[in-house]
Amino acid sequence: MSETAKLILGDETFELPVFEGSEKEKGIDITKLRATTGGYVTLDSGYKNTGATTSAITFLDGEKGILRYRGYSIEELADKASFLEVAYLLIEGELPTKDQLDKFKHSIEHHTMVAEDMRKFYQAFPHEAHPMAVLGSLVSSLSTFYPESQNPNRSKEDVDLTIHRLIAKLPTLAAWTYKNSVRHPVVYPNNNLEYSENFLRMMFSVPAEEYKVDPVIASALNKLLILHADHEQNCSTSTVRIVGSSQANLYASVSAGISALWGPLHGGANQAVIEMLEAIKADGGDTEKWLAKAKDKNDPFRLMGFGHRVYKNFDPRATIIKKACDEVLDKLGIDDPILDIAKKMEQAALNDPYFKDRNLYPNVDFYSGIIYRAIGIPTEMFTVMFAMGRLPGWIAQWKEMLDQKQPIGRPRQIYTGANARSFVDIANR
Ligand code: SDX
């Protein structure tokens, strides 16, 4: 007999089925709640207690600090896999054979170019435009160059081509966004280079000097992209799924995800962390003063890069990135005072009752910006890097939602406004 939940409303008792997942997580299925109870719905601001879907892509346990993509631990994947291997795993569900990976890479390597007309979009943006605004616009505009991507009833081949085009073109669009901001000529992709190397070359090569990719940097970027690749039903992924549920095309759905990720409470935190650490450094490095500000309810300041909706223990990604920080800066011979301030802040916060009582630990964004800085990525491009990493996760979740034939997402509400009333002429108001 499977478990059920009993709901007592007045003198009626309703039995609700309990759904159990492969990791023994349990969800009370309220699919028929409104119909069986005569109109009751649930209320859960921010969906802190609501499962929007079942999913077979990513499992995380916030209490134990566990993160797995399709059953493989993030620690193993970050250490042993390439980013495109992980992208294939997330989207297709299994690690690729050599032949499958070669085909996947070949397809992606041969779609890295973007339509030359897209360069005109960059000329219309102000140079100081935030890269996330530019990237979101350009990703959405891809559907105008590939109108077949707008067809909701497309074949698997068409869906795969639309997916491969996006994975291939995002680094090009991202690098060109940066080039536009520094008024440099764009650099075209080179299909002989690995994914991360190709991006770094498009970012930093100039006509006068070809950028030489340092393997330490390419490896660090590969690891960072993997660590950001998916994270179950976070804000931007939920956005991609709900936009895609209306049968809007992949480019439009991912563009919406880019906009959601931009927020400083979400992916924009990696930029906000560095800006915070630089402010603390400029203020003399008084970490105690800034911790007090973070704890002060009358002060809007929050310790950026700390806390998480799900992780009530260490974010396993933060642990890996912190270790990579030390390795990359050491190998590159960089002594970044910002890293010292970050470590001092972390130690102070981890020993402070306010943070301990609220289970506030460093999250993925706390250290990632320090590596991006060491690589030479400008601060305003940090969230673009997050988007590049998260792309295969967004795609996998969008594809799963369609494969599950999910209905269009349309939450209910409880109305609290004015009751029915008649119109009053302006003369009588
Ligand atoms: C990402 O969901 C994902 O998976 C996201 C992500 C992914 O991979 O997709 O992991 C990526 O978005 C990481 C989070 C990046 N954001 C930040 O670093 C911004 C700073 N962190 C917070 O704003 C906050 O912790 C959130 C938004 C991340 C989580 O907020 P919640 O779950 O809504 O928690 P809350 O705001 O209700 O906070 C609970 C308490 C509150 O205090 P009390 O009302 O109980 O007294 O903790 C306090 C908050 O004031 N608090 C903080 C804090 N974070 C929470 N206080 C100071 N500094 C902080 N950073």
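A cavity is here a set of points, on a 1 Å grid over the protein atoms alone, where a 1.4 Å probe fits but cannot get out, and its lining residues have an atom within 4 Å of a point. Grid points are joined across faces, edges and corners, and a volume is the space filled by probe spheres set on the points. The model is predicted, with local features needing pLDDT of at least 70 and side-chain atom pairs counting only at pLDDT 80 or more, while totals for chains, interfaces and linings use all residues. Residues are numbered from 1 along each chain as its sequence is written, and side-chain values use heavy atoms, with hydrogens and water left out.

A search of the whole structure finds two cavities of 30 Å³ or more.

| Cavity | Volume |
|---|---|
| Largest cavity | about 100 Å³ |
| Second largest cavity | about 40 Å³ |

Around the largest cavity there are 14 lining residues, and Ile 108, Glu 109, Thr 112, Tyr 195 and Asn 198 are the ones that lie nearest its centre. At least two residues of this lining come from each of α4 (98-109), α7 (156-181) and α8 (195-204), where helices are DSSP runs (H or I, at least four residues) numbered from the N terminus.

The second largest cavity is lined by Pro 126, His 127, Ala 129, Pro 131, Val 134, Thr 177, Asn 180 and Ser 181. Two or more of these residues are given by each of α6 (131-145) and α7, and α7 provides the largest share, three residues.

Definitions and conventions. 1 Å grid on protein atoms, 1.4 Å probe; cavity = no way out; pocket = protein on both sides within 12 Å on 5 of 7 lines; lining within 4 Å.
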